[in-house]
Amino acid sequence: MSDRAVIWHDIENGSYTADIGLWRELAERAGGPILDLGAGTGRVARALHADGHTVHALDSDAGLLAALSERAPAIPVHAADARRFELEERFALVIAPMQLVQIIGGSPGRAALLERVRVHLAAGGKFAAALADPFEAVAEEDRSPPYPDMLESDGWVFSSQPVWVGEEAGQVIVERRRQAVSPAGSLDEELAPFALDLVSADTLEAEAAAAGLEPVSRHAVPETADHIGSTVIVCRR
Ligand SMILES: C[S@@+](CC[C@H](N)C(=O)[O-])C[C@H]1O[C@@H](n2cnc3c(N)ncnc32)[C@H](O)[C@@H]1O
């Protein structure tokens with residue numbers, strides 16, 4: 001059976017497609033090499049690579065990058081922290097899809113990431129980062145849980161379903177119930193909480209400007225039945 005971390009990553013991120021068109025558009029306009037920060041198993045990097053772009057993938061989780069390399073061996077991968085990396089290449093576009101900037105250790109973490117981004121952008125290059133749209137409270141009685149994301153691997157059936165969303169101390173907490181059913185029918189179950197820092201587009205743009213990146217545009221990625229919407233901010237070096 002594949003690595004469980006890869007399986008949960010694929011279940012919880014792999015089926016999201018609402019943002020892909022925007023990354024494709026930005027990549028097309030960039031006209032040069034692209035760096036995907038927090039690339040995971042390469043949901044976005046592989047789509048851009050398939051379009052013919054030169055894409056590098058960086059993630060702090062070497063196991064996820066190993067899965068990416070199995071699927072797309074031609075994509076250069078870098079196992080590193082997005083707040084501390086040093087690469088030789090300079091990029092026309094650096095992207096941070098799926099709220100990486102909200103799981104990077106608050107304002108100090110974002111400042112470190114933005115500094116690394118500026119260093120790795122070619123002059124005139126762009127940085128694009130996705131922020132989850134503000135969480136809208138829905139009355140408990142009006143909430144129906146989304147269908148679970150599911151995946152079958154070697155006779156095991158895995159599912160992951162958000163069961164609770166709330167705000168605590170400046171973060172949105174999403175709690176998922178992860179279930180794995182073995183080929184013999186036994187059930188493993190765990191609750192997996194996931195915390196996103198609350199960051200507005202105004203705040204991120206101000207932080208980017210302080211790091212020497214000029215905000216140039218904002219783009220809306222609409223919500224879907226399973227995912228909240230997001231705003232992608234784009235800044236230029
Ligand atoms: C929500 S997933 C998104 C994966 C992928 N970008 C996508 O859109 O499908 C966030 C990714 O960021 C990575 N990550 C978290 N903290 C990181 C850090 N400090 N430096 C680099 N990657 C990080 C995680 O390992 C994970 O792969």
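Modeller: The chain is divided into domain 1 (4–134 + 199–236) and domain 2 (140–196). The model is predicted: local features need pLDDT of at least 70, side-chain atom pairs count only at pLDDT 80 or more, and totals for chains, interfaces and linings use all residues. Residues are numbered from 1 along each chain as its sequence is written.

Biologist: How do you know where the domain bounds lie?

Modeller: Domain bounds come from an automatic or database domain assignment. The C-alpha centres of domain 1 and domain 2 lie 24 Å apart.

Biologist: Why are helix 1 and helix 4 called roughly perpendicular?

Modeller: Helix 4 covers residues 62–71, and helix 1 packs on it at an angle of about 75°, with the axes 9 Å apart. Axes are lines fitted to C-alpha atoms over the stretch in contact, and angles run from 0 to 180 degrees between N-to-C directions. Angles under 35 degrees count as roughly parallel, over 145 as roughly antiparallel, 65 to 115 as roughly perpendicular and the rest as oblique. So helix 1 and helix 4 are roughly perpendicular. Ala 5, Val 6 and His 9 of helix 1 meet Gly 63, Leu 64 and Ala 67 of helix 4.

Biologist: What makes helix 2 oblique to helix 3?

Modeller: The axes of helix 2 (residues 20–30) and helix 3 (residues 43–50) come within 10 Å and cross at roughly 50°. Helix 2 is therefore oblique to helix 3. Ile 20, Trp 23, Arg 24 and Ala 27 of helix 2 make the contact with Val 44, Ala 47 and Leu 48 of helix 3.

Biologist: Which residues come nearest to the ligand?

Modeller: Gly 38, Gly 40, Arg 43, Ala 82 and Met 98, of the 18 residues around the ligand. A residue is near if its C-beta atom, placed from the backbone, lies within 6 Å.

Note on methods. Helices (H or I, at least four residues) and strands (E, at least two) are DSSP runs, numbered from the N terminus. Two residues are in contact if their C-beta atoms, placed from the backbone, lie within 7 Å.
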